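Here are my notes on the two-chain model you asked me to look over. They are set out as numbered points so that you can check each against the coordinates.

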Amino acid sequence: MSETTLGGIANRMPKFLRRADPAVLTAFACIVILLLLGSLYSRSFLSPEYLLQQLKVASFLGVIATGMMLVILLGQIDLSVPWSVATGAMMACAAAAYGPAGVAVAIPFGVLCGVAIGIVNGIGVAYLRIPSMIITLATNAVAQGLMVVYTGGFSPQDSATAAMRYLATGFTIPGVPNAVIIWALIGAATVFVLTRTSFGRAVYGIGNRERAAYLSGIDTRRVVMIAFAVSGGLSAFGGVLLAGYASKAAQSMGDAYLLPSIAAVVLGGTSILGGRGSYLGTVAGVILITLLQSILSVMQMPEAGRQIIYGVVIVAMLLLYGRAPASR
Amino acid sequence: MKDWRYLLAEQRGTLLAFGILIVMFAIYSANHPAGFTPNVVQTAANKGVLLAFVAMAQTLVVITAGIDLSVGMIFTLTNCMASWLVIGTGLETAFGVLAVLGTGLLCGAVNGAIVIYGRLQPIVATIATGAVFFGLALLLRPVPGGSVNEDLADFLTGRFFGLVPASLVALLVVVLVVWVPFSRSELGRAAYAAGSSETAAYMSGVPIRRGKFLAYTLAGLLAAIGGLFLTFFTYTGEAAYASGNSYTLFSIAAVVLGGVSLFGGKGSAIGAIFGALAFRTIGDLLFVFDFDPLWQPLFQGVILLIAVSLGAFALFRVRNRLEWFL
């Protein structure tokens, strides 16, 4: 197909389609295909209840993936997600065991613990210039060690507070789960920060070329540090919500969120090298991953098969549109 | 620069790792209730060699400026496979070993193909293939079990002449058969060159793609040798997610301790081996000092954090602030 006909088609498309990233469109197309495939398998796949339930499950991943996206936009990665999630959940539940005052500060305390992990990551990446992949793996190990010492290697007995349960499973607006509202609020805030503030500009700038961003007067190290702190906080908040959903914290509750959060961001068209990507894409990625997981579990696929299909699908989709440009 | 000084500079990381290992092992064996006996050395060697193989695998990939987050899962997969196949008569066992090593090669080749010819980022690609490898392992061993040819296992985990741990000898043999030929070959040099500066290597006509592909493939093979040895030590196969993950993590720690640059192009598998043995010894120090084993994950995490932060000392050498940003 020649350049002119492509342009001609593009001109006739509505404006929002013309401006959209092809990767985001592909992700949404995949969602539609998954829904259609699912509805062939079982009629209840297109029912509003099922879709809303999926959206609720997706919102936990959505909150975590938001932090991951910030970090990936910088061209870094946050591999401390598993134990940031678990730390947030465990510390929130632990605080709840200390009387009414503890119950009141449970959620902020859990989130703050995640922010602390994020700040260590941020200091390592921004000021000590340690590759993010390495320092976040290390803080993940330290967080795990701290939690193992704290819990004695078992799942803690403390349970989630009523507020945590309400955030994760309650309904403020009839029909719309609170978790979905929270994700929407966090998403809206992220879109605002990324597109309307100088911080957001700086994030994209650093992702493209940190040196250039630094020379244009941005305190790049502070921006990187803040992004990692936010990512840690959001992971922990995701953990708090998950603890509210399951009404308790568990040892390896975060393990299931590392690969999905990275995959959701990358499948949504955000470049793993940083500097390119939109939040809409991440939303599409999160929903896509959640639907895929849901369909596999509805089909009663055993864990082994799920892992295999999951890995294969991610590689296949990345090969479709996540490839680096051909060398030179 | 004189020849020996150049050599010293080149091997500084390896020598440093060797020094750390000697010091740590001296502390370890001095405080061990049994003291410095062949038995203590054998146990420590058997434990350390597993990580050493996985760390060697990681080194090959890290040299090309990539990273393989699936090594731990290849290790787990081959462990599960060996618990089915490496059994029976001598000939059957031999075929089993070949099949396990072949699987490792295949896993590595898949990683290499996806990263190099599929042009995906190694981090994401290997996390995803790691999920696939773990799924396959779970398929083979939904519950821990299986068995292994115990004669072979005991031979390779015992001692030669009642003194030298057989696993160390096996490690030496693997170094001589896999690492030395690789690092001296044209493709090995290409892997180094690709890690050092891919553009420059490409412009000079170095076969970077084949070099990187070979590095990823051999990494799979080395991880499989590690998986095979795990089976020899435990006599069973187990698809344990946490164990596979921690081997991946520790392999990176070992590589860093061993003086291999995570930015690629620098370091050697020998250094990574010393790094792995040193890391294991440090982790076991807790036991000889009678700490609660609950503290071990935290202790290892802190060591890992300190080890990776050591790289930050390079910042003091930076003259121009723009060099902060690569």
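The points below take up the contact between the chains, then helix packing, then single residues.

1. Basis of the notes. This is a predicted model, in which local features need pLDDT of at least 70 and side-chain atom pairs count only at pLDDT 80 or more, while totals for chains, interfaces and linings use all residues. Residues are numbered from 1 along each chain as its sequence is written, and chains are lettered from A and ligands numbered from 1 in the order in which they are written.

2. Contact between the chains. In chain A, 46 residues are in contact with 43 residues of chain B, two residues being in contact if their C-beta atoms, placed from the backbone, lie within 7 Å. On the chain A side, the elements giving two or more residues are helix H7 (132–151), helix H11 (210–215), H13 and helix H15 (303–321); helices here are DSSP runs (H or I, at least four residues; strands are E, at least two), numbered from the N terminus. H7(A) supplies the largest share of this side, with 13 residues. By class, the side of chain A that touches chain B has 28 nonpolar, 11 polar and seven charged residues, where Ala, Val, Leu, Ile, Met, Phe, Trp, Tyr, Cys and Pro count as nonpolar, Asp, Glu, Lys and Arg as charged, and the others, Gly among them, as polar.

3. H13 and H14 of chain A. Two packed helices are described by the angle between their axes and the distance between the axes. The axes of H13(A) (residues 258–267) and H14(A) (residues 279–298) come within 7 Å and cross at roughly 130°; axes are lines fitted to C-alpha atoms, for helices over the stretch in contact, and angles run from 0 to 180 degrees between N-to-C directions. The two helices are therefore oblique to each other, given that angles under 35 degrees count as roughly parallel, over 145 as roughly antiparallel, 65 to 115 as roughly perpendicular and the rest as oblique. Among the residues making this contact are A:Pro260 and A:Leu267 of H13(A), with A:Val286 and A:Ile289 of H14(A), and the contact residues divide into eight nonpolar, two polar and no charged.

4. H9 and H10 of chain A. The axes of H9(A) (residues 178–196) and H10(A) (residues 198–208) come within 5 Å and cross at roughly 75°, which makes H9(A) roughly perpendicular to H10(A). From H9(A) the contact uses A:Val193, A:Leu194, A:Thr195 and A:Arg196, and from H10(A) it uses A:Phe199, A:Gly200 and A:Val203. The buried residues of H10(A) are A:Ala202, A:Val203, A:Gly205, A:Ile206 and A:Gly207; a residue is buried if 20 or more other C-beta atoms lie within 10 Å of its own, exposed if 12 or fewer, and partly exposed in between, with C-beta atoms placed from the backbone. These buried residues pack against helix H4 (48–73), H9, H11 and helix H12 (220–246) of chain A.

5. A:Ser235. This residue is found in helix H12 of chain A and counts as buried, with 35 C-beta neighbours inside 10 Å. Leaving aside neighbours within four places in sequence, A:Ser235 is in contact with residues including A:Ile64, A:Gly67, A:Val81 and A:Gly114.

6. H12 of chain B. Helix H12(B) (residues 241–257) has 17 residues and reaches 24 Å from its first C-alpha to its last, close to the 24 Å expected at 1.5 Å a residue; the expected span is 1.5 Å times one less than the number of residues. Of its 17 residues, 13 are buried, so H12(B) is largely enclosed by the rest of the structure.

7. B:Arg141. The place of B:Arg141 is in the loop between helix H6 (122–140) and helix H7 (150–157) of chain B, and B:Arg141 is buried, with 23 other C-beta atoms within 10 Å. Not counting residues up to four places away in sequence, B:Arg141 touches B:Cys80, B:Ser83, B:Gly146, B:Gly237, B:Glu238 and B:Ala239.

8. Phi of A:Arg129 is near 55°, a positive value in a residue other than glycine, and A:Arg129 lies in the loop between helix H6 (99–127) and H7 of chain A. With 18 C-beta neighbours inside 10 Å, A:Arg129 counts as partly exposed. B:Ala65 likewise has a positive phi, of about 70°, although it is not a glycine, whereas B:Ala65 counts as buried, with 21 C-beta neighbours inside 10 Å.
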